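Dear colleague,

Please find below the structure that I am handing over to you. My findings follow it.

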Amino acid sequence: MSRLSKLLRNFGLLSDPRPPWSTAGRHIFAPPLSVDVDVDEAVMSALFDRVASVWSELGASEPYWSVLTNSIYRREKIDQTKDSFFKTAHWDVDLIEACLARAGLAEAAGDSCLELGCGVGRVTSQLANMFDRVVAVDVSAPHLRLAAKRIAMLGQSNVEFVHLKKVEDIQGLSVHDFFYSRLTLQHNPPPVMAHVLNVSLSRLSPGGLCLFQLPTYNESYQFDVHAYLASPQTGMEMHVLPQPNVHAILRRNAIELIEMMEGPTRTSIRNYMTFFGRKSPNSGSDQNP
């Protein structure tokens, strides 16, 4: 128990057991996490290659379920449920439009969008209706093939697909006006999560907007990079990037935070945070990746 918790309890301001805090205050007394984030290039490459290997396998075996982990989207059922799978993307559109509207930026989204973790194109086709140009990025070639097939079927010609084969490939991303990533970053170990987010935001154009989601706290989470690399691969993984690291990345890229909210997510995991921000109009792109 933290010193602040003990003090509040001594004054009768904190009952025992603790009350069920609202979503905004669940971790207000939480201790720091032990999370390795800064690693050298060789370790970063090893971590990235591990992620790419896992997701390429998932793309070959369970491409739709790996995006939305509901049993109805398993391979044996997807022919009957594919329509409902893609309809869930309207929820992402609603999220983008709501954030823009609250900030009075409904007309400021720009012409180009970078989607990090496009998967099978669930949200990509909706983004292609919102922006003149979409760059859809993923580490899994099997996922990208299905995404490209869907975009072609819909007759959309304004999407460019980028396969990140190695960690250095992300440095080649083009400048964009809007960055979007949801249900993606958490599947990367913290060093990769931080690096990929930092480079993506460094490519944001001056005045550009970003809306991304990742977990920032989990009471039982810790990450020791050497122990992790020595352990066997276990398939899909869930990781955490602490808030101080996220805010440092935002500052490094001259991004002013407009909103930060817990959630939203359709999964049972409750510790996601959504960040919505805008890059300073006076700042150049490619800040300091």
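Two strands are said to pair if DSSP finds at least two bridges between them. The model is predicted, and in it strand E2, residues 133–138, pairs with E3 in the parallel sense over five bridges. Within this pair, Ala136 stands opposite Phe161 in E3.

Both strands belong to an open sheet of seven strands with mixed pairing, in the order E3-E2-E1-E4-E5-E7-E6. Strand E3 (159–163) and strand E6 (255–262) stand at the edges; each has a single partner strand, so one side of each is left without a neighbour in the sheet. On average, neighbouring strands of this sheet are turned by 15° against each other, direction ignored.

Helix H6 (residues 141–153) lies across E2 and E3, and runs at about 170° to E3.

The structure also holds two cavities of 30 Å³ or more. The largest cavity has a volume of about 410 Å³ and is lined by 29 residues, of which Gly117, Cys118, Asp138, Leu183 and Thr184 lie nearest its centre. Its lining divides into 16 nonpolar, eight polar and five charged residues. Helix H2 gives the most to this lining, with three residues.

The second largest cavity has a volume of about 50 Å³. Among the residues that line it are Arg50, Trp55, His187 and Tyr228. Here too H2 gives the most, with four residues.

Yours sincerely

Definitions and conventions. Residues numbered from 1 in each chain as written. Predicted model: local features only at pLDDT ≥ 70, side-chain atom pairs only at ≥ 80, totals over all residues. Heavy atoms only, no water. Helix = DSSP H or I, 4+ residues; strand = E, 2+ residues; numbered from the N terminus. Axes fitted to C-alpha atoms, helices over the stretch in contact; angles between N-to-C directions. Contact = heavy atoms within 4.5 Å. 1 Å grid on protein atoms, 1.4 Å probe; cavity = no way out; pocket = protein on both sides within 12 Å on 5 of 7 lines; lining within 4 Å. Points joined across faces, edges and corners; volume = space filled by probe spheres on them. Nonpolar A, V, L, I, M, F, W, Y, C, P; charged D, E, K, R; others polar.
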